[in-house]
Amino acid sequence: MMAGWGRIDKRLEKWKEKRDNFEALYEQRKKARGKEDENNKNKRIRERIYYKRKFNYWKKKIERFEATEVNESWARRQLVDTQMTSKYARELEENEVSKGRSC
């Protein structure tokens with residue numbers, strides 16, 4: 001365990017509780033319980049979609065936080081962002097130098 005991980009671990013437990021709560025709420029709304037009218041069915045479907053999105057958000061957030069390896073697509077996006085930032089910084093510097101200003 002890393003130094004100071006205990007404080008983070010407490011927060012992570014709260015995130016996991018949220019994730020589990022949203023999963024339970026989603027599972028409860030998957031199927032109708034007995035007969036339901038159209039309004040209740042539509043409400044259940046809206047809630048099911050809402051809770052599924054919330055569940056997926058917290059699930060992916062926890063997965064990213066606990067990741068031990070860098071995802072290849074993430075690394076590629078970071079590289080592209082760095083390249084673009086360097087390109088614009090170089091252009092800005094060239095523009096400032098051509099005006100006789102120093103950066």
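Tyrosine 57 lies in helix 2. The model is predicted.

**Helix 2 and its buried side**

Helix 2 covers residues 38-66. It has 29 residues and reaches 42 Å from its first C-alpha to its last, close to the 42 Å expected at 1.5 Å a residue. Its buried residues are Arg44, Tyr51, Phe55, Trp58 and Ile62.

Arginine 44 has a relative accessible area of 12%, so it is buried, the limit being under 20%. Arginine 46 is exposed because its relative accessible area is 55%, and exposed means over 50%. Arginine 46 and arginine 29 are 17 residues apart in sequence, and their C-alpha atoms are 9.3 Å apart in space.

**The aromatic cluster**

How many aromatic pairs does the model hold? The count comes to 5. One of them joins tryptophan 15 and phenylalanine 65: the ring centres are 5.4 Å apart and the planes stand at 80°, so the pair is edge-to-face. This pair links distant parts of the chain. Tryptophan 15 is in helix 1 (residues 5-28), phenylalanine 65 is in helix 2, and the two are 50 residues apart. Tyrosine 57 and tryptophan 58 form another edge-to-face pair, 5.2 Å centre to centre with 85° between the planes.

Trp15, Tyr57, Trp58 and Phe65 form one aromatic cluster.

| Residue | Relative accessible area | Class |
|---|---|---|
| Tryptophan 15 | 16% | buried |
| Phenylalanine 65 | 36% | partly exposed |
| Tyrosine 57 | 42% | partly exposed |
| Tryptophan 58 | 10% | buried |

Tryptophan 15, at 16%, counts as buried because buried means under 20%. Tryptophan 58, at 10%, is buried by that limit too. Phenylalanine 65, at 36%, lies between 20% and 50%, so it is partly exposed. Tyrosine 57, at 42%, is partly exposed by that rule as well.

The charged end of lysine 61 sits over the ring of tryptophan 15, 4.6 Å from the ring centre.

**Helix 3 and the chain beyond**

Helix 3 covers residues 72-98. It has 27 residues and reaches 39 Å from its first C-alpha to its last. That is close to the 39 Å expected at 1.5 Å a residue. Just after helix 3, glycine 100 takes a positive phi of about 85°. How far does tyrosine 57 stand from lysine 99? Their C-alpha atoms are separated by 48 Å, and the two are 42 residues apart along the chain.

**The largest pocket**

Rolling a probe the size of a water molecule over the atoms shows where empty space is left. The largest pocket has a volume of about 220 Å³. Which residues line it? They are Glu63, Arg64, Ala67, Glu69, Val70, Asn71, Ser73, Trp74 and Arg77. By kind, the lining divides into 3 nonpolar, 2 polar and 4 charged residues. Helix 2 and helix 3 each supply at least two residues of this lining. Helix 3 gives the most, with 3 residues.

Terms used. Residues are numbered from 1 along each chain as its sequence is written. This is a predicted model: local features need pLDDT of at least 70, side-chain atom pairs count only at pLDDT 80 or more; totals for chains, interfaces and linings use all residues. Side-chain values use heavy atoms; hydrogens and water are left out. Helices (H or I, at least four residues) and strands (E, at least two) are DSSP runs, numbered from the N terminus. The expected span of a helix is 1.5 Å times one less than its number of residues. Buried means under 20% relative accessible area, exposed over 50%, partly exposed in between (1.4 Å probe, protein chains only). On a 1 Å grid over the protein atoms alone, a cavity is a set of points where a 1.4 Å probe fits but cannot get out, and a pocket is an open set with protein on both sides within 12 Å along at least five of seven lines; lining residues have an atom within 4 Å of a point. Grid points are joined across faces, edges and corners, and a volume is the space filled by probe spheres set on the points. Ala, Val, Leu, Ile, Met, Phe, Trp, Tyr, Cys and Pro count as nonpolar, Asp, Glu, Lys and Arg as charged, and the others, Gly among them, as polar. Rings of Phe, Tyr and Trp (its six-membered ring) pair if their centres lie within 6.5 Å; planes under 30 degrees apart count as stacked, over 60 as edge-to-face and the rest as tilted. A charge sits over a ring if NZ of Lys or CZ of Arg is within 6 Å of the ring centre and within 35 degrees of the ring normal.
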